[in-house]
Amino acid sequence: MKIENKDFWEREDIIQTQDKSAANTTNYEAYLYEKANNYFQAKSTVVSNAKIFGCGTAREIFGILKYIKIDHIRATDIAENMIKKGKENIKKWNLEDKVTLEVADATKFKAAENSFELVTFMNCILNYVKDRKDRYAIFKTAHEILKPNGVIIGVVHNQVGTPQKTVYFFLRRMLKPFLKKEPGNRITGFNGFKFEGYYFSKKDLSKHLSDNGFTNIDIKSLEEYSKENNLKYNRLKGYNNLIFFATKPELL
């Protein structure tokens, strides 16, 4: 069944799928949090404000505060019902004084320039933005609201993963001159619902970041991350997401 992106995330059955691991942080998420924290410590940066895009049920907020000392978090999600569930979780975790949750479309989010030391895009939310102009608008906003030496981290679905997915996107890249849409566009979704999304290649994700002013770009697939950390990874079944870290340049 086809459904619009926002309507999909408003559904109670979909919200439940996102809330099951409320207290869990994956090893690659912890890696990103620790990498950001090490960067802040090296720069003697105090993280007064962090911005979380696509916070969903607030699962990642519970996790990130274990790794990074953050005075205040401003988190947004496109779905009202996700924010409602997130507020229930924030109250349950006694984080109401530390976290502000709001309904907002990432493509239209506004905040003062140089407001945050950290911006996050976890939960593969960028894959649900099908149009390049909207993805670029989001990255541009992220750059503007970050302070100099600020950090952006996130996770996205990769064009390279299981053999079937890898071949699918390889053929789309080869046929790019004949396609009406970008090679990364694909029908996605779960629980019987489908909508149009976008899958990144490593090169493409790097271009999204560099074109919008980010430097110190570090992108790894989960397969690469697993090999570096002596972790088991099954290429036949693994999602092989891309995890990324980048910074806003220091003012000269």
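The protein chain has 9 helices and 9 strands, where helices (H or I, at least four residues) and strands (E, at least two) are DSSP runs numbered from the N terminus. This is a predicted model, in which local features need pLDDT of at least 70 and side-chain atom pairs count only at pLDDT 80 or more, while totals for chains, interfaces and linings use all residues. Residues are numbered from 1 along each chain as its sequence is written, and side-chain values use heavy atoms, with hydrogens and water left out.

Of the 252 residues of the protein chain, 50% count as buried, a term that means under 20% relative accessible area, with exposed set at over 50% and partly exposed in between (1.4 Å probe, protein chains only). Contact here means heavy atoms within 4.5 Å, and among the contacts between residues at least 6 apart in sequence, 74% join residues at least 24 apart.

Helix 3 (residues 27-42) has 16 residues, which at 1.5 Å a residue should span 22 Å, and its end C-alpha atoms are 22 Å apart, in agreement with that value; the expected span is 1.5 Å times one less than the number of residues. The buried residues of helix 3 are Tyr 28, Glu 29, Ala 30, Leu 32, Tyr 33, Ala 36, Asn 37, Tyr 39 and Phe 40. An α-helix has 3.6 residues a turn, so residues three or four places apart point the same way. The cover over the buried residues of helix 3 includes strand 1 (47-53), helix 4 (59-64), strand 4 (116-121), strand 5 (146-156), helix 9 (222-228) and strand 9 (242-247). Helix 3 is followed by Ser 44, which has a positive phi, near 55°.

Within helix 4 lies Ile 64, which is buried, with a relative accessible area of 1%. Leaving aside neighbours within four places in sequence, Ile 64 is in contact with Tyr 33, Ile 70, Ile 73, Leu 118 and Thr 120. The C-alpha atoms of Ile 64 and Ala 30 are separated by 7.7 Å, although the two residues are 34 residues apart along the chain.

Elsewhere, helix 6 (residues 132-145) and helix 8 (residues 202-211) pack at an angle of about 50°, with their axes 9 Å apart. That makes helix 6 oblique to helix 8, since angles under 35 degrees count as roughly parallel, over 145 as roughly antiparallel, 65 to 115 as roughly perpendicular and the rest as oblique. Helix 6 contributes Arg 132, Arg 135, Tyr 136 and Phe 139 to the contact, and helix 8 contributes Asp 204, Leu 205, Lys 207, His 208, Leu 209 and Asp 211.

Note on methods
Axes are lines fitted to C-alpha atoms, for helices over the stretch in contact, and angles run from 0 to 180 degrees between N-to-C directions.
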